[in-house]
Amino acid sequence: MASIDLGNVLDKAWADKSVPEVLSAPVSALKGVSGRQGDLLNEAFGIKTVADLAKLKYVGWAQALAALDAAK
């Protein structure tokens, strides 16, 4: 079973929330992402929530490329 310390990846206000709550949260719930950056992600890609960001095809492509590079 996979686990993650949510306190390391989330803003303090979101660290005690459930995973479903975090997925429906604005991307600014992620540690280091400002409200302005969240607005820019929305303007550029229609990203409103953490789940939207996770589903963004460009994120998947970048992760696949990084995995290919790591596997060489």
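**Confidence and aromatic pairs**

1. Among the elements of the protein chain, the lowest mean pLDDT, 89, belongs to helix α1 (residues 6–9), and the highest, 98, to α3; pLDDT is the predictor's confidence in each residue, from 0 to 100, and helices are DSSP runs (H or I, at least four residues) numbered from the N terminus. Over the protein chain the pLDDT averages 94, with 100% of the residues scoring at least 70.

2. This is a predicted model, in which local features need pLDDT of at least 70 and side-chain atom pairs count only at pLDDT 80 or more, while totals for chains, interfaces and linings use all residues. Residues are numbered from 1 along each chain as its sequence is written, and side-chain values use heavy atoms, with hydrogens and water left out.

3. The structure holds 2 aromatic pairs, where rings of Phe, Tyr and Trp (its six-membered ring) pair if their centres lie within 6.5 Å, and planes under 30 degrees apart count as stacked, over 60 as edge-to-face and the rest as tilted. The pair of F45 and Y58 is tilted, because the ring centres are 5.7 Å apart and the planes stand at 50 degrees. This pair links distant parts of the chain, with F45 in helix α3 (residues 35–45) and Y58, 13 residues apart from it, in helix α5 (residues 57–71).

4. F45 is partly exposed, at a relative accessible area of 44%, and Y58 is partly exposed at 39% (buried means under 20%, exposed over 50%, partly exposed in between, with a 1.4 Å probe and protein chains only).

5. Y58 and W61 form an edge-to-face pair, since their ring centres lie 5.2 Å apart and their planes are at 90 degrees. Y58 and W61 are 3 residues apart in helix α5, so about one helical turn separates them.

Notes: Helix = DSSP H or I, 4+ residues; strand = E, 2+ residues; numbered from the N terminus.
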